[in-house]
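Open the model in your viewer and keep the selection panel at hand. The stops below say what to pick next and what sits there.

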Amino acid sequence: MNDEKKLLNVTIDGVELEVPAGTTILAAAERVGAVIPRYCYHPGLSAPAVCRMCLVEVEGAPKPLASCVQPVQDDMVVHTNTAQARKARRAAVEFLLMNHPLDCPICDAAGQCELQDYAFETGQLKTRYVEPKLVMGRDKVTPEIVYFADRCILCTRCVRFMDEIAKDPVLVVINRGQRGYIDTMTGELFENPFSINIVDVCPVGALVNEDFLFKARAWDLDQTASICPGCSQGCNVSLGTKEERIVRAKPRFNPEVNSYWMCDHGRKTVINWGAGARIEVPMARDGDELKPVDWPQALDALSEAIGNEPGRARAIVSAGASNESLFTLRRLMEELGSDGGVFRVPTGPEAELPGFPKLKLRRDRVPNAKGAELLGFQRSDAVFDSAQGHRGALFVLEDTLEGAPDGFGTNAELFVYIGTRLNPAARSADIVLPSTTFAEMAGTFTNFEGRVQRFEQALRGPGLARPWWLTGSALLERLGAGGRYRTAAEVFAALASEVSEYEGLNYEVLGLKGAGAPGSSAAATAG
Amino acid sequence: MAYPHAHPREVRLLSKYFGDEDAIGIEGWAERGGYVALEKALEMGPDEVTEVVKESGLRGRGGAGFPAGLKWSFMPKDGKRPNYLACNADESEPGTFKDREIMRWTPHQMIEGIIICSYAIRAQHAYIYIRGEMVDVVRVVNDAVVEAYRKGYLGENILGSGYDLELTVHLGAGAYIAGEETGLLSSLEGRRAEPKVKPPFPAQRGAFGMPTTVNNVETLAAVPHIVENGADWYRQWGTEKSPGTKLFSCCGHLQRPGNYEVSLDFNLKELVYDLCGGPPEGRQLRAVIPGGSSVPLMTVDEIDCDVSYEGIEAAGSLQGSGGLIAIDDSACLLRSIRKMVDFYAHESCGQCTNCREGTVWLANILRRIERGDGREEDLPLLLDVGANMAGRTICPLSDSAAVPVVSGIQKFEEEFVAHIKDGTCTAVR
């Protein structure tokens, strides 16, 4: 219909603007910076207009209108912050707090709770409700999600997520009126690969993830923009970290990749990534023993070994390593004469999010298989075969070497292990260099469709662990094989000038939303 | 069998055959002039039928009083999507029992109205949404629908006109809010009976997302009479703005409770005192609720008005559904109001914050006052909570719950004050 494209004039809090027909008052208000409080409205879901928080005054309308559903009409004059609008908002908050347990001190959502925010904003220190409160208790809805019925404001975001996005309408409001609560129809636990999104959409602390329950206060968490390493989708996430640990991952909005959502597998992968005993210091072989050394000693040993011309280089790399680390290894291998490298890809069943079909839990359960491929590494189901009997230089970058055959790497003239964990097979390396996980450095991954996305450093690496692109660059400089790169951005710039698929890209162009997905020129999708 | 309490001052248009068991079946109904209007309608064009209903000034009898013909004219005529008619037979408003009687005694009167309306709005499928608790009525209506199919008034090519109509009887599962038109449509679709935001209005997006007209049983039952006899004939009753007749379901403290059909210019006080016989011997009426529990209470001084939509509104209340509840001086008014609010708290669907929480809050305050623990600040509090509930929600249930409290305090403040100050009641026991 042509009507859809028509532009309408609207005045919001004295600011005139033009919006396309069909725009809601709430969306129009956001364009002029007027944030209208809301609970039931979520930008990724339908709007039922039930919380009655987003009421605004419209000139000529007999009563306040729900801005989340009310479309703008031509020459509409809207006031979002008049006495009437504020009274309506105060009333909604007062009603919501009537039976609310006010258990913020022990509530997971405290500090990130929209109810708390607006209760402060409307400034109601004392309630006028003196009658007994309704007490409903708590129950689980999935094996890991706990539902605190008393805190629930029945905004139904969770119900609508399961219905509209997961297309698995298991959640319903049971009973009606004030006796209403959220549950499955049968009262049994449900399971869905995207279930934890209902915790994210909950505007209060009613739905909480047991994995995070009582672990941290929201305000104690540092937030870092990152990319989920759980599969090749590359969901944009925000890492919540506290005391050098990742305590949770939440989806970060990116309309091209994951919208507001991510899968449960990804969240668990993020939290467990890099867990366990870590390599904290560089090590060099001294006879039968690997001895801890410092970085200058380690780089001395390595440049000496390379100076002894160990022969052509082969590598086993991890598809969880960043483009920058992979590129640095490629350059080093080219110095020695490269025989190529391989990587393996653990797989698992695919799971689609039907309401946002761009997002799938992909079969490839690594974040950077595409990136490794574009840098010339080969995907292989038998990575150890290529190293078998190799007599030159052998590099292992961040592959755990789990499942490596006995005597792995012992034939190589030089065996360098760069990684985070020292599995038995890595103990036969001549030189061990501790590297960092994706959370401990900045870098990029290239997702299944070729979209390059940046992640930022959230944690310090343990001990002397350093990103491989950093130590590798230093080594290459010693070998007289190129400039010194102090930042991941500089490495990526060098990479982009060499690899045609990355042409025109740099960290600024990538921003925090990534770029370079097929069908769009690199710069056009920069965000 | 004589229908109880027939009164000579009634104008018995829709209720003429109440109590006449022979009028229930299709043969008996035909003998009484049934389905003549349908034949006439099918010879007219759909728009012509709509026009007659528009001219008659017939207004919705479910409570809102929206002009029926105008509502019909909103339905799309392009035939791109199927149009539907939903006959609202949920009749959930407390104190209202007129639709029940129309269906029980004259089901074909309603069915004929449904067919004519469906024809006028170009619907090929109509639904009767009946309150599931009315088991006996459901039986009668089901039988009547079967009869109408057998006679060829429903189904394909009705009376050779080329017009097809299916009619489905759908039973509600017991929710007050299923009587609100968008709540009814949600329930009809198999969902929780939760009202939806308007716009879009049902005429744009109604049942199953298709254009739908929702009309009350009494509205539709009046249609055959109007089509058969013309708009001017119908306008001989009532007022300019409220033509025709209306059934009032009168209950409470009355000597002769029951359904009374009167011209819409009839005097409300006479309806209460003459037709219904006033309160029982030795008692005085205190309050009259003229249109179901959702409309403001009236004092006895206020009821000297005519029963038209505008007449009752000018007197300080609303005609609503025509469910008249009389309360005399033997009743504790606070308790009566509290029970009404309890009803709304029980029936709130719980979608909207203000209604879900406000209804219970009001009820809890009233219960505390009733118990003798009232505080002086409770009256302004009740009024403010009521103000925060009115006009703030998707549907009017929230407003309805606040209405008896707010109008009760405004008009019978002494009752509340007596409870709060002295712990006593003004009721004469």
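Select B:Asn157. In this predicted model, B:Asn157 is partly exposed, with a relative accessible area of 41%. Find B:Asn157 in the loop between helix H7 (135-151) and strand S3 (166-171) of chain B. Now check the backbone. Phi of B:Asn157 is near 50°, a positive value in a residue that is not glycine. Most residues other than glycine have a negative phi.

Go to B:Tyr35. B:Tyr35 is not a glycine either, yet phi is positive, at about 65°. The residue sits in the loop between helix H1 (26-31) and helix H2 (36-43) of chain B. Is B:Tyr35 buried or exposed? B:Tyr35 is buried, because its relative accessible area is 1% and buried means under 20%.

**Two cis peptide bonds**

Select B:Lys198, B:Pro199 and B:Pro200. Most peptide bonds are trans. The bond joining B:Lys198 and B:Pro199 is cis, with omega about -5°. Step along the chain. The bond from B:Pro199 to B:Pro200 is cis too, and omega is near 5°. B:Pro199 belongs to the loop between helix H8 (181-188) and strand S4 (212-216) of chain B. B:Pro200 lies in the loop between H8 and S4 as well.

**A nonpolar surface patch**

Show the surface of chain B and select B:Phe66, B:Leu70 and B:Phe74. These residues form a nonpolar patch on the surface. Together they have about 260 Å² of accessible area. Zoom in on B:Phe74. B:Phe74 is in the loop between helix H4 (68-73) and strand S1 (83-89) of chain B. At 46% relative accessibility, B:Phe74 counts as partly exposed.

**A covered helix**

Next, pick helix H5 of chain B, residues 98-105. This helix is mostly covered. How many of its eight residues are buried? Six of the eight are. They are B:Lys98, B:Asp99, B:Glu101, B:Ile102, B:Met103 and B:Trp105.

**Domains of chain B**

Colour chain B by domain. The assignment gives domain 1 (21-234), domain 2 (245-327) and domain 3 (333-422). Where domain 1 touches domain 2, the contact takes 17 residues from domain 1 and 20 residues from domain 2. The centres of these two domains are 27 Å apart, taken over C-alpha atoms.

**Domains of chain A**

Now highlight residues 84-123 of chain A. An unreviewed UniProt entry lists them as "domain: 4Fe-4S His(Cys)3-ligated-type". Over this stretch the chain is 60% helix and 0% strand. Its end C-alpha atoms are 16 Å apart.

**Salt bridges**

Side chains of opposite charge can pair when their charged atoms come close. The count over all chains is 58 salt bridges. Visit a few of them.

Start with A:Lys87 and B:Asp384. Their side chains meet in a salt bridge, 3.1 Å from N to O. A:Lys87 is in helix H2 (residues 83-98) of chain A and B:Asp384 in helix H15 (residues 378-389) of chain B, so the pair joins two chains. A:Lys87 is partly exposed, with a relative accessible area of 33%.

Move to A:Arg151 and A:Asp103. The closest N and O atoms of this salt bridge are 3.0 Å apart. A:Arg151 lies in the loop between strand S7 (145-148) and helix H4 (157-165) of chain A, and A:Asp103 in the loop between H2 and helix H3 (114-122) of chain A, so the pair ties together parts that are 48 residues apart in sequence. Both A:Arg151 and A:Asp103 are buried.

Then select B:Arg122 and B:Asp47. They form a salt bridge of 3.0 Å, N to O. B:Arg122 is in the loop between helix H6 (107-120) and strand S2 (123-130) of chain B, and B:Asp47 is in helix H3 (residues 46-56) of chain B, 75 residues apart. B:Arg122 is partly exposed at 30% relative accessibility, and B:Asp47 is partly exposed at 35%.

For the last stop, select A:Glu131, B:Arg368, B:Arg375, B:Glu377 and B:Asp378. Salt bridges that share partners join them into one network.

Terms used
Residues numbered from 1 in each chain as written. Chains lettered and ligands numbered in written order. Predicted model: local features only at pLDDT ≥ 70, side-chain atom pairs only at ≥ 80, totals over all residues. Heavy atoms only, no water. UniProt positions renumbered as here; feature names shortened; annotations may be inferred. Helix = DSSP H or I, 4+ residues; strand = E, 2+ residues; numbered from the N terminus. Patch = residues over 30% accessible without salt bridge, like charges linked within 9 Å, V, L, I, M, F, W, Y side chains within 5 Å. Areas by Shrake-Rupley, 256 points an atom, 1.4 Å probe, with all protein chains shown as cover. Salt bridge = Lys/Arg side-chain N within 4 Å of Asp/Glu carboxyl O. Buried < 20%, exposed > 50% of the residue type's maximum accessible area, 1.4 Å probe, protein only. Domains from an automatic or database assignment. Contact = heavy atoms within 4.5 Å.
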